[in-house]
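Subject: Structure handover

Hello,

I am passing this structure on to you. Please look through it first; my notes on what was found follow below.

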Amino acid sequence: MPEEIRHPDKEQNFQKNVEQSIRKKFHKQLFTPFAKAINRYQLLEEGDKVAVCISGGKDSMLMAKLFQELKRHDKFPFDLEFLVMDPGYSRPNRLKIEENAAMLGVPITVFETKIFDTVYDIEKSPCYLCARMRRGYLYNHARELGCNKIALGHHYDDVIETILMGMLYGAQVQTMMPKLHSTNFEGMELIRPMYLIREEDIIRWRDWHGLQFMQCACRFTEDIFSAREDGTSDSKRMETKQLIARMKQFNPHVESNIFNSVTNVNLSTVIAYKDKQGKKHSFLDEY
């Protein structure tokens, strides 16, 4: 089937409409919490060069546009690289990323790996291994481009789901941090500037413009979806997302309560905790 003919003028108008919506219609829901997270958690500094990591989904593509809008404000000098790692996408998925980037006016740099081939036959925790390998490749390529930070598109809902998943499935209290120093790539840092943005607002922005993004292009995930008659996923994250939605029916503040629970930790009421070095401390130590 021949590739669709590109219309530069049409793409340019579409891009302007998308950018206008971020400045006007969705400013309060998207750009305001984006800027708030950057300020609150000190995610950007003068002279930073950030690799904005684009997976092809709605979150990372929006993050790219928000960074472009922030750059337009020109509060202080920083540079951006819009980085796409191809871990082994099918041709239609690769084209979808490239077409969306062109339509949205995001100048992407693409590099290829064979991560999907590496993890496909691994039965135990393939998603965990895939995520670690992706992170390593992104850090390495970003550093080659002169970047000192990589930005990932995790949002508020990802954070609260991670907190609850850790408690229910991991027997631990922890969260997805807004920024982290890399332990394997000295001088590199990971930041999550969409930390305060709600997923429902990202979806509204996407649907307002009729945008279509990849969900997950992993062959392992595709096998899970095809194995279920109703097309739903068995993932623990989806179970947790559904659990939070049910709890919200009885308590409208449940999401913010989960989020704030990891900012209001009282160590005097915790039976045990681990310090930064991993050493465990018990309340009995000072009882």
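Two strands pair if DSSP finds at least two bridges between them. Helices (H or I, at least four residues) and strands (E, at least two) are DSSP runs, numbered from the N terminus. This is a predicted model, in which local features need pLDDT of at least 70 and side-chain atom pairs count only at pLDDT 80 or more, while totals for chains, interfaces and linings use all residues. Residues are numbered from 1 along each chain as its sequence is written, and side-chain values use heavy atoms, with hydrogens and water left out.

Overall picture

The protein has 11 helices and 8 strands. Of its 287 residues, 42% count as buried (buried is under 20% relative accessible area, exposed over 50%, partly exposed in between, with a 1.4 Å probe and protein chains only). Among contacts (heavy atoms within 4.5 Å) with a separation of 6 or more, 74% are between residues 24 or more positions apart.

The sheet

Six strands form an open sheet in the order β3-β2-β1-β4-β6-β5, and the pairing is mixed. At its edges are β3 and β5 (179-181), each of which pairs on one side only. From one strand to the next the twist averages 25°; angles here run from 0 to 180 degrees between N-to-C directions, and axes are lines fitted to C-alpha atoms, for helices over the stretch in contact.

Strand β1 (residues 49-53) pairs with β2 in the parallel sense over 5 bridges, and Val-50 has Leu-80 of β2 as its bridge partner. β2 also pairs with β3 in the parallel sense over 5 bridges. Met-85 is bridged to Phe-111 in β3, and Val-84 stands opposite Val-110 of β3. Strand β2 (residues 79-86) is largely enclosed by the rest of the structure, because 7 of its 8 residues are buried.

β1, helix α3 (residues 58-73) and β2 make a right-handed β-α-β unit. From β2 the chain crosses through helix α4 (residues 91-104) to β3, again as a right-handed β-α-β crossover. Right-handed means that, with the strands pointing away from the viewer, the path from the first strand over the helix to the second runs clockwise. Helix α4 lies across β2 and β3, at about 165° to β3.

Individual residues

Which residues does Thr-113 contact, leaving aside its neighbours within four places in sequence? They are Met-85, Asp-86, Pro-87, Gly-88 and Tyr-137. Thr-113 is in the loop between β3 (108-112) and α5 (115-119), and counts as buried because its relative accessibility is 11%.

Most residues other than glycine have a negative phi. Gln-42, not a glycine, has a positive phi of about 50°. Gln-42 lies in the loop between α2 (27-40) and β1 and is exposed, with a relative accessible area of 54%. Asp-74, not a glycine either, has a positive phi of about 55°. Asp-74 is in the loop between α3 and β2, and at 59% relative accessibility counts as exposed.

A helix pair

The axes of helix α10 (residues 236-248) and helix α11 (residues 254-261) come within 9 Å and cross at roughly 120°. That makes α10 oblique to α11 (under 35 degrees is roughly parallel, over 145 roughly antiparallel, 65 to 115 roughly perpendicular, and the rest oblique). The contact is made by Ile-244, Met-247 and Lys-248 of α10 with Val-254, Glu-255 and Ile-258 of α11.

Regards
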